[in-house]
Amino acid sequence: IAKAHRGTEWLLEGGTAKKRLRSRFSSLLVTVTARDLQSQSVSLMGQASSGLTQYDMEELIAAAGGVFNQAEVEGLYKRFRSLDRGRKGYISGDEFLQIPELSINPIAQRVVRVFESVNFKDYIRLVAPFSQRATREAKLAAMFYVYDVDGDGLIGREDLALMLRQLAGSSLSEEELHALVDMSMKEAGHEAAKIGGLNQTLFNRALEGVDLKGMTVEMPHEW
C-alpha cells in the first residue's frame, strides 16, 4: 500500500512513470489481495472425526475439481463444523468474524460476503483455488470473484474503487485512489472501455506473468 501511495505521485510525470506505477499497481492487486485471501484460507482450512460417507467423499472431491484428497476433505469438514457453532449446516457472517485473522483484515466484509451462509459443498469449492494443485486459471477466477463486488461479471470502476478503498484505508487520498482507478481502466484498453470494465478474460490478460504463489495454502499433513 505504501508503494502505491508513493507511486501516485508519478502520475503527472509522463509515460515511463505511468508504466512504473502500473507495474506497482499490478503487484499491489495480486500481492495484497492474495495475502489477505491466503490468511483467511489458512484460518478456514485449519484443524478442527468426520462423519462423511464414502459417497459424500467422492462427491466432495469431485466438487472441488479433484484438488483435495480424502484426508484434506476430512480436515476441511472438521474445520467447517467447528466454525458452524450452531450446527446449522452453514456458517454465518458473525461466526466468520470470530476468526481473529479475518476480524482485523481490511477486506473482511467482502470475504464474509463471499463465504457467508454457504454449505460445505460450496465451501469446499470456494477454498479449492487455494490448493497447491489448483490451476492458475482457478486462482485468477477466485481473485476475479472477489473483485467483482456487484457480481455482474465485470470488474468496473466502482468495484475496483471499493476494493482499493478497503485495502488501502486512509493511506490513499480520494484523489490518489481515483487516479489509480483511472489509470488501471485506461491501461485495460479499448475493449474494457467498451464493455465498462474487465471481464475474466481481460483480467487474466492484465495479470499475465504475475506470480500467484501467494494464492497457495499448503494443507497440514496431520489431522
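What follows is a set of questions on helix packing and backbone angles, with answers.

Analyst: This is a predicted model, in which local features need pLDDT of at least 70, side-chain atom pairs count only at pLDDT 80 or more, and totals for chains, interfaces and linings use all residues. Residues are numbered from 1 along each chain as its sequence is written, and side-chain values use heavy atoms, with hydrogens and water left out.

User: Why are α10 and α11 called oblique to each other?

Analyst: Helix α10 (residues 157-168) and helix α11 (residues 174-187) pack at an angle of about 135°, with axes 10 Å apart. Angles under 35 degrees count as roughly parallel, over 145 as roughly antiparallel, 65 to 115 as roughly perpendicular and the rest as oblique. The pair is therefore oblique.

User: Which residues make that contact, and what is its make-up by class?

Analyst: With contact meaning heavy atoms within 4.5 Å, α10 contributes Arg 157, Leu 160, Ala 161, Leu 164 and Arg 165. From α11 the contributors include Leu 177, Leu 180, Val 181 and Met 185. By class, the contact has seven nonpolar, two polar and four charged residues.

User: How do you know that the length of α10 agrees with its residue count?

Analyst: The expected span is 1.5 Å times one less than the number of residues. For the twelve residues of α10 that should give 16 Å, and the end C-alpha atoms are 16 Å apart, so the two agree. Just after α10, Gly 169 takes a positive phi of about 60°.

User: Which residues of α10 are buried?

Analyst: Buried means under 20% relative accessible area, exposed over 50%, and partly exposed in between. The buried residues of α10 are Asp 159, Leu 160, Ala 161, Met 163, Leu 164, Leu 167 and Ala 168.

User: What makes α3 and α4 roughly perpendicular?

Analyst: The axes of α3 (residues 54-63) and α4 come within 10 Å and cross at roughly 95°. That angle falls in the perpendicular range, so the two helices are roughly perpendicular to each other. Gln 54, Met 57, Leu 60 and Ile 61 of α3 meet Gln 70, Val 73 and Glu 74 of α4.

User: Why is Arg 87 called partly exposed?

Analyst: Arg 87 has a relative accessible area of 48%, so it is partly exposed. Arg 87 lies in the loop between α4 (70-83) and α5 (93-96), and has a positive phi of about 50° although it is not a glycine. Most residues other than glycine have a negative phi.

User: Where is Ser 117 found, and why is it called partly exposed?

Analyst: Ser 117 is in the loop between α7 (108-115) and α8 (120-127). The relative accessible area of Ser 117 is 46%, so the label is partly exposed.

Terms used: Axes fitted to C-alpha atoms, helices over the stretch in contact; angles between N-to-C directions. Helix = DSSP H or I, 4+ residues; strand = E, 2+ residues; numbered from the N terminus. Nonpolar A, V, L, I, M, F, W, Y, C, P; charged D, E, K, R; others polar. Buried < 20%, exposed > 50% of the residue type's maximum accessible area, 1.4 Å probe, protein only.
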